[in-house]
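Hello,

Here is the structure we talked about. Please look through it when you have a moment.

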Amino acid sequence: MRKKLLTCLSLLSISAIGLAQTTFEPKATINANTGANPYVMDSGHIDGDAYADIIIGTLAGNTVEWYKNNGDKTFSMQTLISTTLTQVSGVKIADLNNDGNNDIIATSFNGGKLVWFENNGTGGFGTEQIISNTVAGAGSIVTGTIDAGTTIDVAIVAYSDNKVVWFSNNGSGVFGSEQTITSTLTEPGDLDLKDFDGDTDLDVVVATSAWAAGVVEVFYNDGTGAFTQDINSVSTTGNTYLFDVSFADVNDDGVLDILVTDDYGEVAWYNKDVSGTYTQTIISTSMANPGTATAADLDNDTYNDIVVSNGGTALDDLVWFKSNSSGALLPEISIDNSQHQVFAKTINDFDNDGDLDIATVDYQNNHLNWFENKLTTLSTQNNSIQELTIYPNPTTNSLYFKGNITEDLNVSVYNVLGKQVLNATVNQNQALDVSKLNNGVYIIKFNNYNSAYKFVKQ
């Protein structure tokens, strides 16, 4: 039933957008002089307008920087959020104190700190508030409701402590003591947080970067924040230096898979079989040193494409793989080959035109760049919704609609399991509130137009 529903929704979306072709504009440099060695980044709404902004953290420059999206395809660097964290190795955007404003979370690798900065709603940030200063090798950050509450909690890897930990938020940005997800892995380098087993709570996948001995493991949440390791490992052999891991529906079957990059090897994804074991599929790429891999629908056909960035110094640094209706990936397409070591990227609709763009950091050259998606619709079967787009996508709190809309919109939202989670009638000039949805991928169906699109809640 789930696959049937998702297939129907996908067909509806394809009938709405027709055939499309995706190309990217050449690299546009936002800042050619960021703090030294920009290493991590995120995007989201910082100053209360409808355009997604960008946050970066620098490893040698020790800065947390934010760039205002001006709404005209340009960005402006704002007052630095922080200059006192040593080796910024993680940044994340989330509303930690439940005031409707997105705050900034950051980690200091050399300082062992996890901190957050309160946003006043217009992009003005307070001083750092310490969540913990005893997490040796604090690195990658994920956020979500981990325990039985409704507030946004925080989990991070502690590379030097050989553990992954999380902190419970009381809803006001006040955090409890460190709680352990695992302390059995050597040099955990990256993690992700999603409902992998479909029981409505958030699970964790971890990749370790231990040289020539990296592993990928899943930890299941019992709903209260207590985690149990999967009896089957995702991957234990053939890993030289694992760099990036995420939950993603790579083959578009409505079930989450696991997407992994090995900086000295390959890009691969893992499907969990009925038996509970994992099957690996290699994504063939020309990159000798893939850095990050992200699943995202770049061409608005409801199928998840894959974007891969380069972690090495060779000029082959940003490519994408189009997914087709059978869940297979077509050969790689180059987006750019002019950067050196893209250790981080963020995908968002920066120009609010209804398709996903890409922003990157160039570690060697201290550049922040973005690439505009020039999605072109070649034909449209349903002229009544020809101009309809949704934005921002991904979104945190609200979805907006624009285009040739002549009446109120009757919308239904479905999760990846095909369950309806929201139904509403939205005025042409109103936004749809999706803030109460869990983070993940959803299908929004426009009932009075017989059309559907995919969006991401983050």
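Predicted model: local features only at pLDDT ≥ 70, side-chain atom pairs only at ≥ 80, totals over all residues.

Residues are numbered from 1 along each chain as its sequence is written, and side-chain values use heavy atoms, without hydrogens or water.

**Thr 346**
Thr 346 sits in strand β27, residues 344-348 (strands are DSSP E runs of at least two residues, numbered from the N terminus). Thr 346 is buried at 7% relative accessible area (buried is under 20%, exposed over 50%, partly exposed in between; 1.4 Å probe, protein chains only). Its contacts beyond four places in sequence are Met 41, Asp 42, Ser 43, Asp 357, Ile 358 and Ala 359 (contact means heavy atoms within 4.5 Å).

**Ile 130**
Ile 130 belongs to strand β10, residues 129-132. Ile 130 is partly exposed, with a relative accessible area of 48%. Setting aside residues up to four places away in sequence, Ile 130 touches Lys 113, Leu 114 and Val 115. Ile 105 is 25 residues from Ile 130 in sequence, and their C-alpha atoms are 9.9 Å apart.

**Lining of the largest cavity**
Asn 239, Leu 242, Val 260, Asp 262, Glu 266, Ala 268 and Tyr 270 line the largest cavity (on a 1 Å grid over the protein atoms alone, a cavity is a set of points where a 1.4 Å probe fits but cannot get out; lining residues have an atom within 4 Å of a point). Strands β20 (257-262) and β21 (267-272) each supply at least two of the lining residues.

Best wishes

Terms used: 1 Å grid on protein atoms, 1.4 Å probe; cavity = no way out; pocket = protein on both sides within 12 Å on 5 of 7 lines; lining within 4 Å. Helix = DSSP H or I, 4+ residues; strand = E, 2+ residues; numbered from the N terminus.
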